[in-house]
Amino acid sequence: MKLVFVNIMQELQRFDSMSYLTQPPIPFAVLNAVTPKAIETALLDEQTDRVRLEGDAFGFSVSTQNSKAVYDYADALRAAGKRVILGGIHVTVCPEEAMRHADAIVTGEAETIWPEICDDLLADRLKYRYDGSPTPPDQMRPVDYRFFGNRRYLTPASLFATRGCNRRCSFCVSSRYMGPYRTKPLDVLEQEIDQLTALYPHAFLQFTDDNLLASRRYAFDLLALLRRKRRRFATMLTVDQFCDGELMEEMAAAGCLGVAVGVESVDDNNCAAVSKYQNLQQPFVEAVHHVNRLGIQPIALIMVGLPHDSPQALETTLELLKRVPCAYYDMRILRIYPSTPLYRQMLATGDVTANWWLETRSTNNTCNDVLPSSLSMHFRHDRFQPMQLQHLSLRFINELSGTAPGTIARILRVGRHGRALGFATLVLRSRQRSARQARMLLRQVERAMAAGVDGQTRTACCTADTPCLQTGGRA
Ligand code: B12
Ligand code: SF4
């Protein structure tokens, strides 16, 4: 029995032929470690490997974003007589949908139930559905990174120390569906760090946690470990953590190179509207200056299309952000993920259609065929036409990713101060890439607008059976 774990490439990578933000798919290494020896396992990573589907059974990790692509693969494989097992966040929140494309689905965290599923696979008695449960910390084992072989990822030393999130942002699935917030025992984490140091001595540690520092006590113990291990690292933070001067000083002392901060919006009304209360009334701009002085590159994660956004407000935001010395801005259009409070709310008001992630993007004249979905709009907003918001977000990316001499000098200065010029160079390359990609997409969007697509644009959620959210008519 040969079981192949298949990792579907991120959609943004398809829009940029050069490799982009590639990370090892850790969930598969976690499952591989508890797969019985009677099953031969392999990894097929679309990011790095040529796609050849050779095996008896296939496991996919499904996110809302890649669900359609996974289902297409799954249907074809099952038609060819192969077994397909689906798991991951989207399966957890939309189990009935996933079941239509699988021999078995697994909801929730799977490592404690995976050996039983493998036994059923071997005995050809798979059940349709298995429900995993949050892995207790004392059952967390070190991830074995040898599973990824010599594949080349941008951040090969990716790891996670915690699971879940203790905040309740209304657009996010993690807080409610990833189980209670848990922390990995530090001795397990230390083994992973040692292994990563041996495998990738020059790579920085990329923590992929939703909320690495949610427990202040664990945070300080973890930072002490990182300091002792002398490993440089990057991670994501919430705004209140970022504005905690003492915590950021500990981060710098522990070897932090850069932090991505969930800013989302500079308008507190927007943050309150999506229950992102940790962002309210925080001295973000001062904190950016502080971490720059500490030698940490601040990366702001921004969303547009939030409830209180308007074209005028976003123009003001753009001008404000241009004056905030962040190393990089990661800009996305809001997405309405199934199962979230925001999804339920917008479904009730008719501002989003159910199952939008499954709708085919039909003709070539829709803007959404041009854009990656993180930059396309699939819901109705009182103050924006889709083209307008899409165009604006691309302008944001282009204008905020500039590499004027002053910006380059600042990023290098921060890098020099943090003894991390390599990371500063990575940031500068990312800015260049983003600006180049945004300019390319802007040209395509402008061509589509000139061709009169504006106003009549069909969104990804319009099909022959559902009314067009923009025109109110039938697509
Ligand atoms: C790391 C990460 C990434 C990395 C992925 C790196 C990689 N190569 O895998 C990067 C940065 C590339 C990424 C990209 C994106 N991500 Co992401 N990402 C995460 C993050 C922070 C951690 C995932 C992780 O590794 N967890 C650790 C593992 C061990 O846990 P796990 O994934 O839950 O896996 C367990 C179970 O789910 C289950 N399981 C998972 N897969 C499978 C498969 C099988 C067969 C089985 C049986 C079980 C199973 O068993 C595992 C072990 O218990 C999660 C947040 C989170 N808490 O999960 C967001 C998250 C998954 N990402 C999210 C999003 C939105 C995206 C993007 C769409 C962002 C964007 N706009 O571009 C892209 C698209 C990715 C895609 N392919 O579709 C959302 C997904 C929302 C949704 N409903 O789908 C999440 C939940 C973040 C959030 N809070 O919104 N992401
Ligand atoms: S803090 Fe981040 S991970 Fe936690 S609920 Fe909010 S958006 Fe999700």
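Helix 2 supplies the largest share of the shell around ligand 1, with 4 residues. The model is predicted: local features need pLDDT of at least 70, side-chain atom pairs count only at pLDDT 80 or more, and totals for chains, interfaces and linings use all residues. Residues are numbered from 1 along each chain as its sequence is written, while chains are lettered from A and ligands numbered from 1 in the order in which they are written.

**Exercise 1. Describe the shell around ligand 1 and state where ligand 1 lies.**

Step 1. Ligand 1 is surrounded by 37 residues, and the closest are Gly59, Ser61, Ser63, Gly87 and Glu109. A residue is near a molecule if its C-beta atom, placed from the backbone, lies within 6 Å of it.

Step 2. At least two residues of this shell come from each of helix 2 (26-33), strand 3 (57-61), strand 4 (83-87) and helix 4 (89-93). Helices (H or I, at least four residues) and strands (E, at least two) are DSSP runs, numbered from the N terminus.

Step 3. By class, the shell has 19 nonpolar, 14 polar and 4 charged residues. Ala, Val, Leu, Ile, Met, Phe, Trp, Tyr, Cys and Pro count as nonpolar, Asp, Glu, Lys and Arg as charged, and the others, Gly among them, as polar.

Step 4. Ligand 1 lies between domain 1 (2-137) and domain 2 (155-357), because both give residues to its shell. The domain bounds come from an automatic or database domain assignment.

**Exercise 2. Characterise the shell around ligand 2.**

Step 1. Among the residues around ligand 2 are Cys165, Cys169, Cys172 and Asp210.

Step 2. The shell of ligand 2 divides into 3 nonpolar, 5 polar and 2 charged residues.

**Exercise 3. Determine how helix 9 is placed in the fold.**

Step 1. Ala219, Leu222, Leu223 and Leu226 are the buried residues of helix 9. A residue is buried if 20 or more other C-beta atoms lie within 10 Å of its own, exposed if 12 or fewer, and partly exposed in between, with C-beta atoms placed from the backbone.

Step 2. Seen down the axis of helix 9, these buried residues fall within an arc of 100°, so they line one face of the helix. The arc is that of the directions from the helix axis to the C-beta atoms.

Step 3. The face turned away from the buried side of helix 9 carries the exposed residues Arg217 and Arg228.

Step 4. Helix 9 is followed by Arg230, whose phi is positive, near 55°.
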